[in-house]
Each structure stands twice: as C-alpha cells, then as structure tokens.
Amino acid sequence: MTAAILAGGRSEPRWRSIQRVFGGQETILLLCLIALFVIVGSINPRYVAERNLSSIFLGNAYIAVAAIGMSMVIISGNIDISVGSLIGVLATISGSLAVGGYPIIVSWMVPLVVGALVTAFMGFLVAYLRIPSIVVSLGMLSILKGGLISITAGAWITDLPAGYGLAQMRPFGIPMPIYFMVLLTAAAALWMRYSSTGRSIYAVGGNAEAARLSGISSKRTIMTVFAIHGVFAGIASVLFATQLSVIQSTVPPNLELTIITASVVGGVSILGGIGTVIGSTLAAILLAAIGSSLIFINVSPYWLRAVQGVLILLTVLADLWRRRRQMSRR
Amino acid sequence: MLRILSVATTLSLVASVGYAADRWDGADELEVSPLGCEAGAAPTVVAKDYDGGQPTSPPDRAGQEITVMDVPKLIGIGYFAATTQGMEEAAAELGNVNVTTDGPTEANIDDQITFLDNFITQGVDGLLFAANDPVAIAPVLKKALDKGIHVVGYDANSEPDAREWFVNQAEFNGIAKAMVDSIAAEIGEDGSFAIVTSTFTTPNQARWIAEMWAYAEQCYPSLEWLETVEAQEDNILSFNQATTLINKYGEDLDGLFGMTSVATPASAEAVTQAQLCGDVAVVGLATPNAMKPYVASDCVKSVVLWNPVDLGYAAVQVMRAVVDGKLQPGATEVEAGKLGTLSIVNGSEVLLGAPFVFTKDNIGEFDF
Amino acid sequence: MAITDVIQSERRRPALSHWLHHEVVLALILVLSLLVLATQTDRFLTTENLLNQGRLMAEVGLVALPMTFIIITAGIDLSVGSILGLTAIILGVSWKNLGLPLGAAIFVAMSVGTFAGFVNGWFITRVNVPPLIMTLATLALYRGLAEGTSQARSVRGYPEWFFELGQGEILGVPTQLWILCLAIIVAWLLLAYTAFGRSLYAIGHNETGARFSGIPVDRYKMIIYTASGFMASLAGCIFVSRVSTTRSDMGTGLELDVIAAVVLGGTSIFGGVGTIAGTVLGFIMIQLLKNGLSLTGVKGDATIIVIGSVLILSILLTNFIQHRRGDSE
C-alpha cells in the first residue's frame, strides 16, 4: 500500500530535478528556438531584427498566457476546448465596459473575474458532478459561442477610450504583453513547484486515487485549477482585446487548438501529471516563431500548414526520444 | 545524439522547403477580364441571354405577403449584420415581406447547405443566399427551385442555373481596378505591395486577386507584387501577418492590400503601430466604421467598398420584383425602391453599381 | 487491501449498468424532444424530412462509428476532418489533373485516406505518441497536404453517375443512408459479438492488463485508426458527390461534431465504456435537434446553445441516476 502511494505520488529523486534543468522539453524547445533564429536569421537577417522578435512576442503573448492556464488544466488530467470561445466572450465584455464609460481598470479586471466564474462552474461540473471535462468544454464551447453571436451579432466595438490599450503600452521600451508573459510564466512555474496547492495539481493528474489517500482533495484542486485557468484566460482576453484599436467581438477561429498545441508541444502530457508552464510558454513562442519564419524564408503559402504539422510532430518526437533515452539511462 | 539529430532534421526541413514562394494570383482557371486603364473605364456591355434558373410552378403571390429566409455565408460578423439591416429596411418599406436572417456560425459549406435544406422543408416563399462555394451550394438551390421557391443570391454567386437572379455588389474587374488604381496613386506605378487575404479558397477574394493581377499586368507592368498571406477572418492573425510582412520587407514594402473587412483595419493597425504611416500605404475592402480611426489619422487614404446595407436592401427588392412578376428573364433593368433603377448584366445579374471609394471627406457620412 | 478494493469497486460499478442506463435515458430524451418538436411544426415528422436528414448526417455518422472504437480504447482521433478534406482533394486532383478514370481516382483517394489513418496508428503504437498529440499534429499536416496539393483550386464537373452516391436514391432511400446502415450493423456486430470488440473494452479499461492477457493491443489499435481513416475517406467521397465539388477546406471542424455525437452517446472519454447504439442515438439526436429547432423557427446561434446544454445535461442526468443507484446498492 505504501509502495502504491509512493509510485503514484511521483516522488522525485534528485537526478530528475537535474534532468529537468538540463534535459527537459524546455531545453529542446529553447535549442529549437535558438537554432531557428540562427538559421532563418542567416537566410534573412531581418527575421532576427529587434523589431521582428518584438512582434513575434507581442503578437502571441496572449496565447502563451492562456497556455499557462491550459497547461495547469491538462496537468490536472483535464482539458478545456472552450477556451477560444471564452476569450472571445471576455474580450467583448472588456471592450463593451470600456466603451460604456466604466473606469478602464474595471474593464481590465471584470474579464478576470467573469473568466474565473465561468471556468469555476466548469470545474464544479467536472469535479463534483463527474462529467468529463471534454464533454463540459464541448458543451460550453457551443453555449459561449452561440451566446456571443446572439448578443453582439458581430458588431465591432470601436471608439475605445484612450488609455485602454494595455497591450500597446511600452514601459521602458518593451511591449507590455512581454512583461505579462514572462512574469506570469515565472510566477506560475514557482507556484506549481513550491506551493502545496500547486504540487497537488501534479498529484491529482498523476494518480487521483493516491492523491486522495494522501489527503489531497482532488475535487477542490480541480475546481481551483479551473478557476485559475479562467483568470489566465481573462488576462489573455484583455491582452487580446487591447492589442488593436477595434475589437472584433467574434470567436477567434481555431484559437483553442493553438493554445492546446502550445501546451502539449511544451511537454505537458495529455494523460496528466507531467509538464511545466515554462515549456508551454516556450512552445507558444516557438510555434509563433515558426509561423513567422515560414513567411521570411518564402515557403509557398500553400504548404505552410503542412510544414507546421510536420514541425509539431518532430518536436513531439524529439521529446519522446529524450524520454526513451532517460529510461534507458536509468 | 538523437536529440541533436532530431533538431537538425527539424531545421533542415525548414530550410529545404524554403524555395521561392510563387506569387499567388487567385489561382483559379476562370477567365479574367481586366478593364481599360483610363480613369472611369466601364465594363463593355455584352448582350447575353438570361442564364438563370426558373422555379417549377411557384404559387402566385404577386402583391401578397411573402416569407423570405436569408442565409448568408455566416452570421455573427459585421458585414452580414449590415446586409441584414438593409434587408429589414427594405422589408419595412415594402410592408409585405417578412425576412429573417439565419445561417451557420462559421463559413462552412456543409452547414450552409443544411440551413438551406431546412428552410426548403419549412416551406418559405423565397430564399436569399450568399454562397460559401458556388458549386457546392448548387444542388440544394436547385432543389428549392424544384419546390417552387424563388431563389435570389447576393454578395457571393452560385452557378447561374441554380438561382434566378444574383445581386452583384460590383463586378470583380471593377473592384480590381478601383483597388489597383488606388494603390498605384499612393505608392507610384513602380511601387511594391503585398496582400493580406482570408483564405486562398474563398471564391470572391480569389477572383478579386486574379482580376487585380490581370489588371496590374496590363496597366501597371512595373508594380512589384511581393506576396499574399492568409489570415482567416481573424483580427489578431491579420495584424500579426501584416506586421510580419512589414518586418520582412522593411523599406522594400510600399503598400498593403487588405482583401477582407477584417484584414484591412488590422493591416492599418499594423502600419500604425510600426509608425510607418505615410511610408506604407494601406488600401483595401472594409466597412467604414472599422476604418474611421485610420482614415482620421491619415494613415489610410482610400477604402474600397460597396454599401452592404444597400446590397441587402437591393436583394429584398429584387426578390419582391421576382415574386410580383415584375422582373422576368430578358429584362434589362429593375426598380429597386430608393436605389432607383438597377441594370441587369451578364444575363441574370442585377448590378448594384460601381464600387465606392471612401475617403476622409465622405467616410463620416456612413455608419455600418 | 484498502486501495485495490477502492479502485476495483470504483471500476466495477460502471462496467455493467452504465451504458445501458445512458442509452435508455438518451432514447427517452430523444423521443420526448421529437414529440415536442412535432407538436410545433407539421413538417418535422414526415418521411421525406427524416430521410433527408439521414442524407445530411451520413458523413458524421460514418466517422462516428470508428471514433467510438477509438474512444473506447481511451484514444482519440482529431484528424478525421482533415483526412476527409485530403481525400476529397486527392479524388479531384487524380481525376482531373492526372486524368485517371473516376473509379480509379476514388480508389486512389480512399487508399490515401486509409493510409493517413494507418500513419496515425503506426505512430501511436510503434513510437508511442499519445493519440491526442499525434492526431493534433496530423490535423494540421493532412489539412496542409490538402491545401498544398490543391493549390486552392477546386475541382468540379464530375460525371452524372458519380452523383448517385451523394444525391441519388435506392428504393426511395438516399444512397448514403444504405451505406450508413450497413456500416452501423457491421460496427455493432464487431463491437458487441467478437473477441476483437471485447478486446477494445479491455484495452480501454487497462491497457497493460490487456497486453498481459495476450491481446494484440498494438495490432488492434492500428486497425481502428486505419479504419477511422478509411471511414473518413468514404465520408469524403460521399461528401464530394453530395456537393458536386472539391475544396481543400472540406470537413473543417468535423472532429468536434463527431466527438460530440460519440460522447453524447455515452462513450466514456476515459475508455472502456461505450456502444454503437449509443453513438447512433447520439448523432441522430444532434441532427434532429438541429433540424427540428430550425423548422420551428429557432435561430442558428440559439440552436448551438441548446445542443451544448443538451450535451452537458444528458451526461449529468445519467451520472445522477447512476449515482443514486450506486448509493442504494
């Protein structure tokens, strides 16, 4: 019985933490990223110009931020495919409040609260009423999307007040979304590694039964994870809404796929229990950098998506080879 | 070792596919018919027999109340919200038309067919549509005609024999001429430009680009055509793609075309945020409301579009005229309420007019 | 002792009664909503309308059958929509550009689609890539291949006989509905009455255990992912015939419709639980709800809200009933 708990609880020998620093998926992603910058940069130096690097980060930071929350959800053994619709809804709420004359800070904060409420409700359905998360989020996807269309009919939100453009601000010359991406990733990584709640996410995702027996309430943990995910979706939606001076008030196509791809390419196991948010952020950047690089090296646009698919596959294969090597080294 | 190998494979793959991109010029096999280069060149009117279809023994509803369903490409976007508004205006004015808009939430051919099929079963008097694909939509439209339902298209056509009339907002070559003339005026006849479009498979966009290419080749042979990128109907993706183009070409880029009402404002935003207003011109199809900030700041000088409210209005007027028997095959013009008399072109198309170019002076007069 | 018992009792409860209950609940909801919708409009419960709905749901239905197999083994296949698109494009290109006879073009296209499914299965079993990640990657890859091959050109102008498949009728019933019925019967027999079918449940319950008890897990998985590719490509051919053109964006989003139908039918995403009857009820329900609501004048945006709610509520209801049962036992 003790052995079962230990095996399920994913105790971590010291070699694994060393491995985690030097041999993890994060390292592979970082190497890929650097190699991509070097190679594409040598073909077309403008790719690595400060301006383009800044654009890659700026334009995709919201994906990285949303992928943090998504990674937590996946690590806990769940998934949320409604996140794209949720971000669309929250961005519309934020913009409507700003145009409606509410203080700007309110229009930035309300999406976080609403996001947390919506996802906490989903977490409640998953944890307490035991509906699989894929069912809950499939249903929620339709509900949020249908609701958004019913209410806005696709009317764009324009005439946003001055000072609303959070994502367009550049404190110390660096675009605001980059601060959000870096700080939130660091905070989430530390929280997941050192706080007891953070660690219990891994335990619940790895082996819910063992986690329960070692005194972790998996229900409460799952609900907390979903609520936190909603906050990250809220932050992402504000970055999304404030990037341009109009808000489209529709659901961004395929956004949930992009976010989930960033999480899984970042090394988060879809089976739960493994992965880090640093990996998912790096993966979000890598995917964006690949997309941009294909334009820079003149890949025929027809083949763009095929190349992206191959690259995702290769990144995942690299991770599998790495794990296999670790196993044999053991 | 394996890891290095896999990284190397990844990157060699990236490098190996890096052959020169083809210029994308619309890529369908249909004929192009570029207009003359001089200002105001109008399409040569070729007399053509009526080539639309006919409903099978439709009930006579002349002057009576009719129920019409409108199925646009998708619902929940500003453009089709504007056409719906125009339809409701026309219905209110006529007083004997009930028009309802409903359709798929994504521009999906299968979903659109399902909607049309449901309305045929429901038994309406008339169907309005904007096709996601001209061929795919044809069988279901023919089914409607077989059931005695009147069918009129607008915005995006189907095969002619699958509907009675098509309200054409502006001819492809007319749009192409307006777009290319506008950009040439801004960046000079030897400038270079890139295009941000929705997807390569969207029929209208593909036709415009094909016509633009033919027209530019004929009238501005030294315009440099850099490349075309896809950006779905996604605001932020359009912004990112436009920014990437700006970063890639640097000062070699003089202008950007936005081919959708989403891509154009996003391209303008990208130019604004890169602080290149005046250096990179943006010309495109867009609705005025979304473009007002950029036109006001002088970042965008001309926006090309027809008035989608008028387009919806005309579609309902044409439907009424068809039901009342006032628009018969062989007609050369049709009365369309406040829009006056619209002419018939290409056998069975009602032409709304020439494309409209919004500028700083007149954009404030429009609200859609 | 404590742990194994807890785990076992958790497992035993759903095994026997879970699916039976869900199907009954679902069938009741279905009948009830049909009756309600039928009172709202007299055009809903007509033979013509129902047969027509059968025509429209054939593609989703065909793909949902192997998807049920896959989800029962705790796997998933997100690439089905892209395989459908790829098949359509290969069909068009090999007929028009390569000049093959249409019959041969259909054969080539379905071979490519089936091979695409095989590639998924090969990577999942031989390289141990998790199904979700593998098919997420091929979702992009296959769609990309379709776009690259077609160069955004659509192929039209097929000969008249080809339209029999998607627009024709045999004995007054749409051609594809016959195909769908045949496929349902085969899938049902396979799953319910063969060692292969039982093995799928075993794999979904406990893959390692299934391996130890001598079930050829990898081979079976390879078969079901290949079957998924095959059915997606069959659906692709039917779809091309129904709409009489090919485009590289065909089948976009199909995977979510299919998965919704399968999970609505009571197949557990965690594996080990599910039936063909449930899946059939699932896709019939979604199709008829969409149709019935539309006929009664409910708009598209409200319809998807209803569908989303039904999905959550039906599973909730089943869980509730089962929970009560579990307590009283």
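In chain B, among contacts between residues at least 6 apart in sequence, what percentage join residues at least 24 apart?

Analyst: The model is predicted, so local features need pLDDT of at least 70 and side-chain atom pairs count only at pLDDT 80 or more, while totals for chains, interfaces and linings use all residues. Residues are numbered from 1 along each chain as its sequence is written, and chains are lettered from A and ligands numbered from 1 in the order in which they are written.

The figure for chain B is 76%, taken among contacts between residues at least 6 apart in sequence and counting those that join residues at least 24 apart. Two residues are in contact if their C-beta atoms, placed from the backbone, lie within 7 Å. Chain B has 10 helices and 14 strands; helices (H or I, at least four residues) and strands (E, at least two) are DSSP runs, numbered from the N terminus. Of the 368 residues in chain B, 60% are buried. A residue is buried if 20 or more other C-beta atoms lie within 10 Å of its own, exposed if 12 or fewer, and partly exposed in between, again with C-beta atoms placed from the backbone.

One residue of chain B deserves a separate look. B:Asp155 sits in the loop between strand 4 (150-154) and strand 5 (165-168) of chain B. Its phi is near 65°, a positive value in a residue other than glycine. Most residues other than glycine have a negative phi. B:Asp155 has 23 other C-beta atoms within 10 Å, so it is buried.

Chain B touches chain A, with 45 residues of chain B in contact with 49 residues of chain A. On the chain A side, helix 3 (25-43), helix 4 (50-75), helix 7 (133-152), helix 13 (277-296) and helix 14 (304-329) each supply at least two residues. Helix 14 of chain A gives the largest share of that side, 9 residues. By class, the side of chain A that touches chain B has 30 nonpolar, 14 polar and 5 charged residues. Here Ala, Val, Leu, Ile, Met, Phe, Trp, Tyr, Cys and Pro count as nonpolar, Asp, Glu, Lys and Arg as charged, and the others, Gly among them, as polar.

Helix 7 of chain A is mostly covered, with 17 of its 20 residues buried. After helix 7 of chain A comes A:Ala153, with a positive phi near 55°. In the loop between helix 7 and helix 8 (176-194) of chain A lies A:Asp159. The phi of A:Asp159 is near 55°, which is positive in a residue other than glycine. A:Asp159 has 11 C-beta neighbours inside 10 Å and so counts as exposed.

Chain B also meets chain C, in a contact that takes 28 residues from chain B and 25 residues from chain C. Helix 2 (47-72), helix 12 (276-295) and helix 13 (300-328) of chain C are the elements that give two or more residues to the side of chain C that touches chain B. That side of chain C divides into 5 nonpolar, 13 polar and 7 charged residues.

Chain C itself holds 13 helices and 4 strands. Buried residues account for 56% of its 329 residues. In chain C, among contacts between residues at least 6 apart in sequence, 78% join residues at least 24 apart. The C-alpha trace of chain C spans about 70 × 55 × 35 Å along its principal axes.

Inside chain C, helix 3 (residues 80-96) has 17 residues that should span 24 Å at 1.5 Å a residue, and its end C-alpha atoms are 24 Å apart, which agrees. Because 16 of the 17 residues are buried, helix 3 of chain C is largely enclosed by the rest of the structure. C:Leu132 belongs to helix 5 (residues 131-150) of chain C. With 21 C-beta neighbours inside 10 Å, C:Leu132 counts as buried. C:Leu132 and C:Asp77 are 55 residues apart in sequence, but 6.7 Å apart in space, C-alpha to C-alpha.

Conventions: Expected span 1.5 Å × (residues − 1).
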